[in-house]
Amino acid sequence: MIDLTERYGPWAVVAGASTGLGAAFAEELARRGMNVVLLARRATLLEETAAGLRERHGVSVRPVTVDLASPDLWSVVSAATDDLEIGMLVYNAMYDPTGRFLEVPLAEHLKAVAVNCAAPTILAHELGRRMVDRGRGCVVLVSSMAALQGIKVFASYGAGKAYGLILGEGLWDELREQGVDALAYVVGATATPHYVEMQEAASGARPTEAQLAEVRRAGSEAVAAPRTPEQVAAALMPLLDRGPRGYSHPDDEARAEADARRPRREVVEAMGKMTSLVWG
Ligand SMILES: NC(=O)c1ccc[n+]([C@@H]2O[C@H](COP(=O)([O-])OP(=O)(O)OC[C@H]3O[C@@H](n4cnc5c(N)ncnc54)[C@H](OP(=O)(O)O)[C@@H]3O)[C@@H](O)[C@H]2O)c1
């Protein structure tokens, strides 16, 4: 397993780190000796996450309250990190407007583009340049199984995650010769607080076992049992220098490879069946 501080440097930035998977990534990095900068909007939650990391792992933690959709994003992050050697970026934050595309206000889709596409581009560009100048570093863009096909009810979310997936792969090929690793990390269902809230919000329309069996026959990954954030964060560690793409679980990779061989229409319809059952 890689010695993170030796290979990449002493500090990591985790974008979207107040809770869920982002907090689990920060925990895993801190456990491996990295100091971490935590980015998110909820200051109290960030402070609590930071205090826990300091106490458990004895590392330095810098919580930075920032809206990743804000046009000031880089000036805020730069002011908070210019004195640090940032050796890793884990871009984990996301925004997922839920509902049929035309029924969701345009502003929501544009906010998703800002959080899921513009912000990782800005941070990978600014921090990536500094990593290349130092000849070491690692950029991880967290994507999703939702990025692998069009997805009804989450159309702009899936498209945004596909952007991160392809950006991460491209960066792997561009940056590796300059000593910087890059990886698109494709994550399957994970029991984060947001995931649980979404399931509860949809519980009025919870599908029956018979309906789920039909969707499973059709082959939708969305019915896989969720993993814990800790499992998904731990599974990232051995993949950091094995880009261009890694999966949070071998089952996800097997599903992705099987789906890639099927007709697109079948794959998109199978995913749509699942989302329609739950979200209409
Ligand atoms: N959970 C799943 O089943 C699943 C499946 C596939 C892929 N993924 C991917 O895994 C990642 C994490 O998912 P999650 O379920 O842990 O999400 P989450 O619970 O919604 O957490 C997202 C994190 O991003 C932060 N964030 C969101 N919008 C922000 C903004 N505008 N500015 C600053 N911070 C922002 C949130 O903090 P604040 O609210 O405090 O700002 C939070 O810390 C995402 O990239 C997602 O696409 C998740």
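Visitor: Why are H2 and H9 called oblique to each other?
Guide: The axes of helix H2 (residues 20-31) and helix H9 (residues 229-236) cross at roughly 50° and come within 8 Å. Angles under 35 degrees count as roughly parallel, over 145 as roughly antiparallel, 65 to 115 as roughly perpendicular, and the rest as oblique. H2 and H9 are therefore oblique. Axes here are lines fitted to C-alpha atoms, for helices over the stretch in contact, with angles from 0 to 180 degrees between N-to-C directions. Helices (H or I, at least four residues) and strands (E, at least two) are DSSP runs, numbered from the N terminus.

Visitor: Is this an experimental or a predicted model?
Guide: This is a predicted model, in which local features need pLDDT of at least 70, side-chain atom pairs count only at pLDDT 80 or more, and totals for chains, interfaces and linings use all residues. Residues are numbered from 1 along each chain as its sequence is written.

Visitor: Which residues of H2 and H9 meet?
Guide: From H2 come Gly20, Leu21, Ala24, Phe25, Glu27 and Glu28, and from H9 come Pro229, Glu230, Val232, Ala233, Ala234 and Leu236. Contact requires C-beta atoms, placed from the backbone, within 7 Å of each other. By class, the contact of H2 with H9 has eight nonpolar, one polar and three charged residues.

Visitor: What makes H2 roughly parallel to H3?
Guide: The axes of H2 and helix H3 (residues 43-57) cross at roughly 25° and come within 10 Å. That angle makes H2 roughly parallel to H3. On the H2 side, Ala23, Ala26, Glu27, Ala30 and Arg31 make the contact, with Thr49, Leu53 and His57 on the H3 side. By class, there are four nonpolar, two polar and two charged residues in the contact of H2 with H3.

Visitor: Why is Ala43 called exposed?
Guide: A residue is buried if 20 or more other C-beta atoms lie within 10 Å of its own, exposed if 12 or fewer, and partly exposed in between. Ala43 has 12 other C-beta atoms within 10 Å, so Ala43 is exposed. Ala43 is found in helix H3.

Visitor: How do you know that Val13 counts as buried?
Guide: Val13 has 26 C-beta neighbours inside 10 Å and therefore counts as buried. Val13 has its place in strand E1 (residues 11-15). Apart from neighbours within four places in sequence, the contacts of Val13 are Val37, Leu39, Thr81, Ile86, Leu89 and Leu127.

Visitor: What makes Val153 count as buried?
Guide: Val153 has 22 C-beta neighbours inside 10 Å, so Val153 counts as buried. Val153 lies in the loop between strand E5 (137-144) and H6. Phi of Val153 is near 80°, a positive value in a residue other than glycine.

Visitor: How many residues does the largest nonpolar core have?
Guide: The largest nonpolar core has 81 residues, and Val14, Val36, Leu38, Leu39, Leu89 and Val140 have the most contacts inside it. Helix H6 (residues 155-175) gives the largest share of this core, eight residues. Such a core is a set of buried Ala, Val, Leu, Ile, Met, Phe, Trp, Tyr and Cys residues joined through C-beta atoms within 7 Å. Setting aside neighbours within four places in sequence, Val140 is in contact with Leu89, Val90, Tyr91, Leu183, Tyr185 and Leu236.

Visitor: Which peptide bond is cis?
Guide: The bond from Gly243 to Pro244 is cis, with omega near 5°. Pro244 lies in the loop between H9 and strand E7 (245-247).

Note on methods
Contact = placed C-beta atoms within 7 Å. Nonpolar A, V, L, I, M, F, W, Y, C, P; charged D, E, K, R; others polar.
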